[in-house]
Amino acid sequence: MSRVKLLGVNGSPASQRVEWALKIKGVKYEFITEDLQNKSPLLLKSNPVYKKIPVLLHNDKPIAESLVIIEYIDEAFEGPSILPKDPYNKAIARFWAKFLDDKCLPAVWKALWSQGEEQEKDKEEAYEVLKVLDNELKDKKFFGGDNIGFVDIVANFVGFWIEIVEEATGVVLVTSEKFPNFCAWRDEYLNCDKVKENMPSREMLLGFFKSRVQAATAIPK
């Protein structure tokens with residue numbers, strides 16, 4: 001019997017992606033919560049290059065980086081496929097997953113927390129990448145078609161977290177007028193039972209981000 005452990009943080013989109021993949025495959029695992037301000041020797045040993053979560057330990061062998069871990073889970077364990085079987089469709093899924101992580105998430109995150117003169121510039125950059133997603137989702141229920149797949153799992157931040165951060169910061173990026181296809185996808189996404197079962201508490205996340213906003217705007221005495 002294989003031993004599976006996941007080093008992560010509750011409320012982390014990257015950790016949640018991996019948990020979702022494990023649940024799709026029906027893999028039992030132990031979740032080990034990391035303190036990112038005081039990283040454990042196990043984390044530093046398991047991911048000495050990036051020193052980041054998540055890290056999957058499968059029979060004590062470490063695999064790091066959420067996209068890499070999800071692909072490993074898909075290949076290493078029996079159960080429903082996460083990535084497409086067709087080589088071309090698999091390559092396209094990897095492309096969009098990389099776009100989400102490399103382009104979309106950084107631009108959106110920066111715009112949500114930007115202030116002052118830089119805010120409008122940062123929002124325009126976020127709009128550009130969101131428009132790309134909006135175009136890709138035209139006439140699609142999910143990124144892979146009729147069923148949630150690899151790219152939808154990777155898109156958990158824009159699907160779930162972004163609206164919560166918008167509420168906390170007061171910065172609104174996504175509207176149905178600007179991004180109708182994206183918003184239609186998000187509605188399908190949030191109403192999907194699989195998504196509801198695998199997302200952290202909205203109240204917990206909203207409280208966390210509101211606290212961060214308060215800390216950032218606090219005037220030192």
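Q: Why does Asn156 count as buried?
A: Its relative accessibility is 0%. Buried means under 20% relative accessible area, exposed over 50%, and partly exposed in between, with a 1.4 Å probe and protein chains only. Asn156 therefore counts as buried. This is a predicted model, in which local features need pLDDT of at least 70, side-chain atom pairs count only at pLDDT 80 or more, and totals for chains, interfaces and linings use all residues. Residues are numbered from 1 along each chain as its sequence is written, and side-chain values use heavy atoms, with hydrogens and water left out.

Q: Where is Asn156 placed, and which residues does Asn156 touch?
A: Asn156 belongs to helix α7 (residues 156-169). Helices (H or I, at least four residues) and strands (E, at least two) are DSSP runs, numbered from the N terminus. With residues up to four places away in sequence not counted, Asn156 touches Pro13, Gln16, Arg17, Trp161, Tyr189 and Met199; contact means heavy atoms within 4.5 Å.

Q: Why are α1 and α3 called roughly parallel?
A: Helix α1 (residues 13-25) and helix α3 (residues 66-76) pack at an angle of about 5°, and their axes are 9 Å apart. Axes are lines fitted to C-alpha atoms, for helices over the stretch in contact, and angles run from 0 to 180 degrees between N-to-C directions. Angles under 35 degrees count as roughly parallel, over 145 as roughly antiparallel, 65 to 115 as roughly perpendicular and the rest as oblique. The two helices, α1 and α3, are therefore roughly parallel to each other. Residues making the contact include Ala14, Val18 and Leu22 of α1 and Leu67, Ile70 and Ile73 of α3.

Q: What makes Ala107 buried, and which residues are in contact with Ala107?
A: Ala107 has 16% relative accessibility and therefore counts as buried. Ala107 lies in helix α4. Leaving aside neighbours within four places in sequence, Ala107 is in contact with Asp122, Glu125, Ala126 and Val129. Ala107 and Glu128 are 21 residues apart in sequence, yet their C-alpha atoms are 9.1 Å apart in space.

Q: How is it known that Ala126 counts as buried?
A: The relative accessibility of Ala126 is 0%, and Ala126 therefore counts as buried. Ala126 is part of helix α5 (residues 118-136). Beyond its neighbours within four places in sequence, Ala126 is in contact with Ala107, Val108, Ala111 and Leu173.

Q: How many residues does the largest nonpolar core have?
A: The largest nonpolar core has 62 residues, and those with the most contacts inside it are Cys104, Val108, Phe150, Leu173 and Trp185. Such a core is a set of buried Ala, Val, Leu, Ile, Met, Phe, Trp, Tyr and Cys residues joined through side-chain atoms within 4.5 Å. Helix α4 (residues 87-113) gives the largest share of this core, 10 residues. Another core, of 5 residues, lies apart from it, and among its members are Leu7, Leu43, Ile53 and Leu57.

Q: Why does Asp139 count as exposed, and why does Glu65 count as partly exposed?
A: Asp139 has 76% relative accessibility and therefore counts as exposed. Glu65, at 31% relative accessibility, therefore counts as partly exposed. Asp139 is found in the loop between α5 and α6 (150-154), whereas Glu65 is found in the loop between β4 (61-64) and α3. Phi is positive at about 65° in Asp139, which is not a glycine, and near 75° in Glu65. Most residues other than glycine have a negative phi.
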